[in-house]
Amino acid sequence: MSKSSDPRSPILAAGAKAPNFRLKTTPDQTVALEDFLGRPVVLAFYPADWSPVCSDQMGLYAQVMPEFKKFDAEILGISVDGIWTHLAFAKDRKLNFPLLSDFEPKGAVSRLYGVYETSTGESARALFVIDKHGVIRWSLLSPDGVNPGADGILTALEHLR
Amino acid sequence: MPETYEPPRLTLPVGERDHSEGPLDAPVVLVEYGDYQCPYCGAAYPVVKRLQKELGSTLRFVFRNFPITNAHPQAEWAAETAEAAAAEGKFWEVHDYLYENQRFLGDAEHFARYEAKLKLDVAKIAREVAQHAFSSRIEEDFLSGVRSGVNGTPTFFINGSRYDGPPEVQPMLEALTPGRGADRRKSRS
């Protein structure tokens, strides 16, 4: 019980090795970070599926996908939502990249990256750009309720070159 | 990590490529990134009209496309229709009509009747939309928005700086005329 009052460990910063993980993306498929070694990876942690705005962060990334592809980058959305809500959300918003379920043990990967909000039991809105060697090259913790957009990601991907 | 917050800046300056209303040398330039099918943009449409009325010739208003097509299947069609009308000099007429008739999006006939009323070449517009003649321009608008910190619609920029307040008349008027707002407060106290 006393654990919930622990402050969040700091967000992993540029230069750190990106901790590997394996999470479910469909009921019978998992995705591991190391599957993408050799390519840049964008991790987009977000609080919850079904954000009430009409053009949410994940929807924007789906729309910007052709730009991410120019860098051969893979984008992975991560929240503590279960697989079934991820599937429904991805279908509804026509998302074209995997959503990973940091569901059991809850928030374990978010904690590993220093982006788990114990007060809400959700991931913070945080972005990581990881290079082809698995090293974090850029990270951003977005203030509550602020959609961090795609610009910082694209700039970080440009700097990988 | 950001210590002091600075709103993002417009990366593509307002220029000849843009659709704009109001004097080219107006002291205040308001840029909107919008989607014709977005209900929030529909709600912001009369707000902009009101701002234009209040500020008159001191305001230049620019509209750029930011269609979120995965959420709004008619948004690209609408944007291309307005651009095709622009090629015949009737951008703002069709822009306004699209926002005033958002509920008819998907009913191409409804909009074709208005184009005919404007004496536009309805067949030419339909052909250009079908051939996506203006999609690269819309794409350019969209990407300029992405690189300027447009994360959803509507997003406004005031003199090149992103406006993060609510898309409502009073707060926007104050942001557009900071001096005037301060004078008013002063005279009241």
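**View 1. A salt bridge joins A:Asp151 and B:Arg147.** The N to O distance between these side chains is 2.7 Å. A salt bridge here is a side-chain nitrogen of Lys or Arg within 4 Å of a carboxyl oxygen of Asp or Glu. The rule finds 2 salt bridges across the interface of chain B and chain A. This is a predicted model, where local features need pLDDT of at least 70, side-chain atom pairs count only at pLDDT 80 or more, and totals for chains, interfaces and linings use all residues. Residues are numbered from 1 along each chain as its sequence is written, chains are lettered from A in the order in which they are written, and side-chain values use heavy atoms, without hydrogens and water.

**View 2. Chain B meets chain A.** In contact (heavy atoms within 4.5 Å) are 20 residues of chain B and 22 residues of chain A. The buried area is about 1600 Å², with 54% from carbon and sulfur atoms. That area is the accessible area (1.4 Å probe) lost on putting the two parts together, summed over both.

**View 3. A:Asp49 sits in a loop of chain A.** The loop runs between strand E3 (41–45) and helix H1 (57–69); strands are DSSP runs of at least two residues, helices (H or I) of at least four, numbered from the N terminus. A:Asp49 is buried but has no salt bridge. Buried means under 20% relative accessible area (1.4 Å probe, protein chains only). The nearest side chain of opposite charge, A:Arg93, is 8.7 Å away; Lys and Arg count as positive, Asp and Glu as negative, and His and the chain ends are not counted.

Definitions and conventions
Buried means under 20% relative accessible area, exposed over 50%, partly exposed in between (1.4 Å probe, protein chains only).
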